[in-house]
Amino acid sequence: MKLKLVSTVAALAILAPAAAMAETIKIGLLAPQEGVFTEPGNDGIRGFQLALNKYNGEINGNKIEWVLGPTDATPDRAVREARRLIEQEGVDFILGPLSGSEGLALRDYAKTIPDKTIINTASGALETTYVDPAPNFFRFHPDGAQWGYGLGSYVVNEKGWKRVATVAADYSFGYTNFMGFAVDFCKAGGEIVERFWLPLGSGDFASIIAALPDDVDAIYLGVGGTDAVNFLNQYEQAGGDTNIIGGTIMVDQTVLTARGRAKEALVGTPSSGPQADDWDNPEWQAYVKDYQETFPDGFPSPSLFATNYYGATLATLMALEQIGGELDEDQANFHAALSSLEFDAPNGHIKLDENRQAIGSIFITEVVEGADGSLHNTFKAKVDNVDQKLGMSKEEFDAIGLPSRDTPDCAALNP
Amino acid sequence: MSRFIQRNPVWSVIIAVAVAALVWLVVAPWPEGLEAAIGRKRIFLNALFNGITLGALYFLVASGFTLIFGLMKNVNLAHGSLYLLGGYIGYEFAEATGSWLGAFVVVFIIVALIGIVLQYVVFRRMEGEDLRQTLVTIGISIVLADLMLWRWGSHSYQILTPDFLSGPVTLPLITAIRGEGELVYLTFPAVRIAILVASIALGVLMWLALNRTRVGMLIRAGVDDREMLAASGVRIQYVFILVFAFGAGLAGIAGIVGGTFQSVSAGEDMRFLLASLVVVIVGGMGSIFGAALGAVLIGLAEQLGSVYAPTYSVVLTFLIMALVLAFRPQGLLGR
């Protein structure tokens, strides 16, 4: 994979002088290639390539080149790579990054390069586009809080689970994704008995599992990756059998394809996020088929990282097409085209709000076991037009406060 | 023992009271006032036992590390990679044959062989050059990490618990008394108890081997003064290879243990290298007892911290390390 990538980049570099006759558009792509987000990063690159293939690598006769900026999902590395791409590689704009804290750092970096553009690919922190947004920073997918929206009322009304304890990762995305769930859950009349926050990557959660109250209807789990697998493993060894409600990254393909038995505890788990693996919409089906055929060594079906990278890239290429592939000196025409863009991504209709943040669809899903024993998220419900303020006015939303350990206050939201 | 009591009467009393209090906390049902103050007994007991089991895992990794350092003065920063490699090989073997116990034997042998190769091909050539060894081991750990990432990707792998160890068991410890005098007993994962017992047995065996056998005598002599040992006609290179193989093998089987009650995935190598560094710094470089003490301390700090002070649990282990370095830089049991 890596070799193929390097050789592609190398080949493009050799071809560059010849192509320089026509206008070339140069894209800088940020994706983690080290650390815990390596696999999500690789899947993101797959999504990017899939979208690029749709345009055969050119817009209106202008060739598209791209350069990879490998990160390790930390904010300082993301900014360093972004700066290298802009200053040394001379890219026209940046697609990236993947993780929440990277996104916040790049929003601040975007303000120092007003003549360039950053199109967010998968990072989900709420503050990136809500607090002090940068005018040249665009996000074409819902943020972490939006991803959690709709799940709360679903578990209260459909499942009848009203008392829950919550366990979530102790960092920005954990708070944000939890907030989306909690706002909706508490408004529907749910009660959060106790909140636990897990430090990232601590490995052994057995004591927290023992501390979970047993008089609850379900446990909300908002952890991801290796932490999620460890938690489930230890939960099963401790004999836990309460219902589970999954945060968005708890039930992603990266966890569902982990080797071992722990993930089986997830069967039947309701969750929410930007996609449902088996949604019967023809465009989604076509996208999944395209993914599976192009990348036989990828996941059984695209992860949300692939989908988000795909959507962001598609939006970028559509905006480029609108302006005929000719970028202004200060990219004002590009910014205007991006801002007014409305399109159908494979996972629903997308338009931007005044902060250049997507208003899109959220899917309620449940984990089921397929015929071949693999797990996937089956479609249960879809909530359209979820905006960043979760359907509230700005005053109401600001009154809740920015996501943190104690925000939102559940009792204040109860009807 | 009695000499210690004679020399430190005050400390003896303090330790005795602390042990008695701990035993009471573990055995007796808690009065309501105490439960109201610090939470239910079940939570405390679970955190306590989990801390000790986590300590057992850290001990498995750190004992090899500390032995290698004690004898060869070689800080092997590739130790975490041996742990991770052991986990991956153990997963592959257990998956292919279904034998969890068999994986321990196979992994111990394979990783020990890798240890022999490392010692014979690499470290033998740079004996006594601390900086060069350190740099080379960092280099090896990076290369190994990338090779493993290439082979196994960044998925999480979980080694399946064998059926006879899966699920919880009930321990004869009362955690609460329900309404009509019905006793509630502590349930605890069976696999963790097995790992704890095995680690203690291994620790005792290592102590016996070091203190009661001829090879153990050679190793202890080597730790104290390896030039003298070499001068008295012992072929010290063989002792080095033996110790390195044993330490590497231990790291390998620790990988299986870690993969069973946590999971194996890229990045764990650095986590466990850091953990074993902290453990041996706290316990004292080169001391097996020190490694055991440090491992249990760190394990307890992590687990009790995660329940009673979640905000500070990450800092807690480093706080312990800083305190030890400030007041007893050679480690609690170091010399």
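Select B:Leu82 to start; this residue lies in helix α5 (residues 79–97) of chain B. The model is predicted. B:Leu82 has 32 other C-beta atoms within 10 Å and is buried. Leaving out residues up to four places away in sequence, show what B:Leu82 touches: B:Val111, B:Ile114, B:Gly115, B:Ala248, B:Ala251 and B:Gly252.

**Helix α9 of chain B**

Next, select residues 214–224 of chain B, which form helix α9. Which residues of this helix are buried? They are B:Ile219, B:Gly222 and B:Val223. Look down the axis of α9(B): the buried residues fall within an arc of 100°, so they line one face of the helix. An α-helix has 3.6 residues a turn, so residues three or four places apart point the same way. On the face of α9(B) turned away from the buried side, find the exposed residues B:Arg214 and B:Met217. To see what covers the buried residues of α9(B), display α4, α8 (190–212), α10 (226–231) and α11 (236–261) of chain B, which are among the covering elements.

**Where the chains meet**

Now show both chains. The contact involves 33 residues of chain B and 29 residues of chain A. On the side of chain B that touches chain A, α4 (41–72), β2 (183–189), α13 (288–308) and α14 (313–327) of chain B each supply at least two residues. Which element gives the largest share of that side? It is α4(B), with 6 residues. Coloured by class, the side of chain B that touches chain A shows 13 nonpolar, 17 polar and 3 charged residues.

**The two domains of chain A**

In the contact, domain 1 of chain A takes part with 21 residues and domain 2 of chain A with 20 residues. On the domain 1 side, the elements giving two or more residues are α2 (38–54), α4 (100–110), α5 (127–130) and α13 of chain A. That side of domain 1 has 9 nonpolar, 9 polar and 3 charged residues.

**The nonpolar cores**

Select A:Val164, A:Ala218 and A:Ile219 next; in the largest nonpolar core, of 132 residues, these touch the most other members. Helix α13 (residues 304–322) of chain A gives the largest share of this core, 10 residues. Why does the core lie between domain 1 and domain 2 of chain A? Both domains give residues to this core, so it lies between them. In soluble globular proteins, nonpolar side chains tend to be buried together.

Centre on A:Ala218. Not counting residues up to four places away in sequence, A:Ala218 touches A:Val155, A:Trp161, A:Val164, A:Thr242, A:Asn243, A:Ile244 and A:Ile245. A second, separate core has 84 residues, including B:Tyr58, B:Leu85, B:Phe123 and B:Ala275.

**A:Phe137**

Go to strand β6 (residues 137–139) of chain A, where A:Phe137 is found. A:Phe137 is buried, with 23 other C-beta atoms within 10 Å. Beyond four places in sequence, A:Phe137 is in contact with A:Arg107, A:Ala110, A:Ile118, A:Asn120, A:Thr129 and A:Arg356. A:Ala337 is 200 residues from A:Phe137 in sequence, and their C-alpha atoms are 13 Å apart.

**Backbone details in chain A**

Most residues other than glycine have a negative phi, and most peptide bonds are trans. The next stops depart from that.

- A:Gly96 to A:Pro97: the peptide bond is cis, with omega near -5°. A:Pro97 sits in the loop between β4 (93–95) and α4 of chain A.
- A:Thr407 and A:Pro408: a cis peptide bond with omega about 5° joins them. A:Pro408 is in the loop between α15 (394–400) and α16 (410–413) of chain A.
- A:Asn56: phi is positive, about 50°, although this residue is not a glycine. A:Asn56 lies in the loop between α2 and β2 (58–59) of chain A. With 8 C-beta neighbours inside 10 Å, A:Asn56 counts as exposed.
- A:Gln331: phi is positive, near 60°. A:Gln331 lies in the loop between α13 and α14 (332–339) of chain A. A:Gln331 is buried, with 20 other C-beta atoms within 10 Å.

**Confidence in chain A**

Finally, colour chain A by pLDDT. The average is 89, and 94% of the residues score at least 70. Over residues 16–21 of chain A, pLDDT stays under 50, and the model has 3 contacts for them beyond four places in sequence.

Definitions and conventions
Residues are numbered from 1 along each chain as its sequence is written. Chains are lettered from A and ligands numbered from 1 in the order in which they are written. This is a predicted model: local features need pLDDT of at least 70, side-chain atom pairs count only at pLDDT 80 or more; totals for chains, interfaces and linings use all residues. Two residues are in contact if their C-beta atoms, placed from the backbone, lie within 7 Å. Helices (H or I, at least four residues) and strands (E, at least two) are DSSP runs, numbered from the N terminus. Ala, Val, Leu, Ile, Met, Phe, Trp, Tyr, Cys and Pro count as nonpolar, Asp, Glu, Lys and Arg as charged, and the others, Gly among them, as polar. A nonpolar core is a set of buried Ala, Val, Leu, Ile, Met, Phe, Trp, Tyr and Cys residues joined through C-beta atoms within 7 Å. A residue is buried if 20 or more other C-beta atoms lie within 10 Å of its own, exposed if 12 or fewer, and partly exposed in between; C-beta atoms are placed from the backbone. Domain bounds come from an automatic or database domain assignment. The arc is that of the directions from the helix axis to the C-beta atoms. pLDDT is the predictor's confidence in each residue, from 0 to 100.
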